[in-house]
Amino acid sequence: MTKGKKNNCFFKNIILTIIVLLLTGSSSVLLSQNNKSSSAVKEDSYELTVNKKIFSMALKNGDFIAATGAVYNILARDSSNTAWQDSLCSLYFIQGASLQCIQTGSAYLVHSPNNIRILAMIAFSEKNIGQFKEALGIFEQIYPATKDLLHLYQIAELQYLCKRYGESQANIEVLLKEEGKDLMIAVSTGGQSSQQQNVPYKA
C-alpha cells in the first residue's frame, strides 16, 4: 500500500470516528430532552391534579380567594380550557370584584360570545361600577332569550337611570302584572362539572 493510500485510509477513519461521536452525542441529547419532556409532562399532570383538589376543597369551605388562586395555577398549565376561564369569571363575580369579572368574562366571550350566564355577570358588574349604558345594552341583549324577570327589572331600573323614562315605565308595568310570582336566579356551582340551581329571589 502506498503512502498516499495509507493517508487516505487514516483520514477516512478519523472522519468516521467523528461522525460516530457526533451521532452518539446527538442521540444522548435527544434522549436527555425526551426524558426532560416526559418529566415535565408528569409534573404538570401532578400539579393539575393537586390544584383541582385545592379548588374543590376551597369552594366547599367558601374560600373563594384560595379557589381563585388554584384556577390561575390550572390555567397557567392549561390555558385553552375554557371551563376554567368560566370558573374564574364566576369566582370574581361571587367576590364582588366587578372589574376582574368584566375582564375575565370578556376574555371568555372571545371563544363563546353567546354565553348568557357570562354576559349576565358582566352586565351586573358593569352596573356595579356605574357603567349603566353598557350594563343596559347587555341586559337588553340577553332578556329576549332568558325572559328572566330579574333581567327585566334591571332593564327598567337602568332605563330610568339612563333617562329613558317611557321605556322604563312600560317595563315596570309588565313587572307589576307579574306581582306575586317569585323571580328565579340561576346559581352556578363553578368548576368543570358546574351545575346550575334555580333559587327564588324576592324583589
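I take a helix here to be a DSSP run of H or I with at least four residues, numbered from the N terminus. With that in hand, I began my entries on this predicted model.

**Entry 1: Asn171**

I looked up Asn171 and found it in helix α8, which spans residues 165–177. Is Asn171 buried or exposed? I recorded it as buried, because its relative accessible area is 16% and the cut-off for buried is under 20%. I then asked which residues Asn171 touches once its neighbours within four places in sequence are left aside. The contacts I noted are Leu152, Ile155, Ala156 and Gln159. With one of these, Gln159, the side chain of Asn171 makes a polar contact through its own side chain, at 2.8 Å.

**Entry 2: the chain as a whole**

I next turned to the overall layout. How many helices and strands does the chain have? I counted 8 helices and 2 strands. Reading along the sequence, I wrote the order as α-α-α-α-α-α-α-α-β-β. The chain has 203 residues, and 31% of them count as buried.

**Entry 3: Phe55**

I located Phe55 in helix α1, which covers residues 3–60.

**Entry 4: two lysines with positive phi**

I examined the backbone at Lys147 and found a positive phi of about 55°, although this residue is not a glycine. Where does Lys147 lie? I placed it in the loop between α6 (132–146) and α7 (149–161). I listed Lys147 as exposed, because its relative accessibility is 56% and exposed means over 50%.

I then went on to Lys163, which is not a glycine either and has a positive phi of about 65°. Lys163 is found in the loop between α7 and α8. Is Lys163 buried or exposed? I listed Lys163 as exposed, because its relative accessibility is 62%.

Terms used
Residues are numbered from 1 along each chain as its sequence is written. This is a predicted model: local features need pLDDT of at least 70, side-chain atom pairs count only at pLDDT 80 or more; totals for chains, interfaces and linings use all residues. Side-chain values use heavy atoms; hydrogens and water are left out. Buried means under 20% relative accessible area, exposed over 50%, partly exposed in between (1.4 Å probe, protein chains only). A polar contact is a pair of N or O atoms within 3.5 Å; within protein, one must be able to donate a hydrogen and the other to accept it, and residues adjacent in sequence count only if both atoms are side-chain atoms. Contact means heavy atoms within 4.5 Å.
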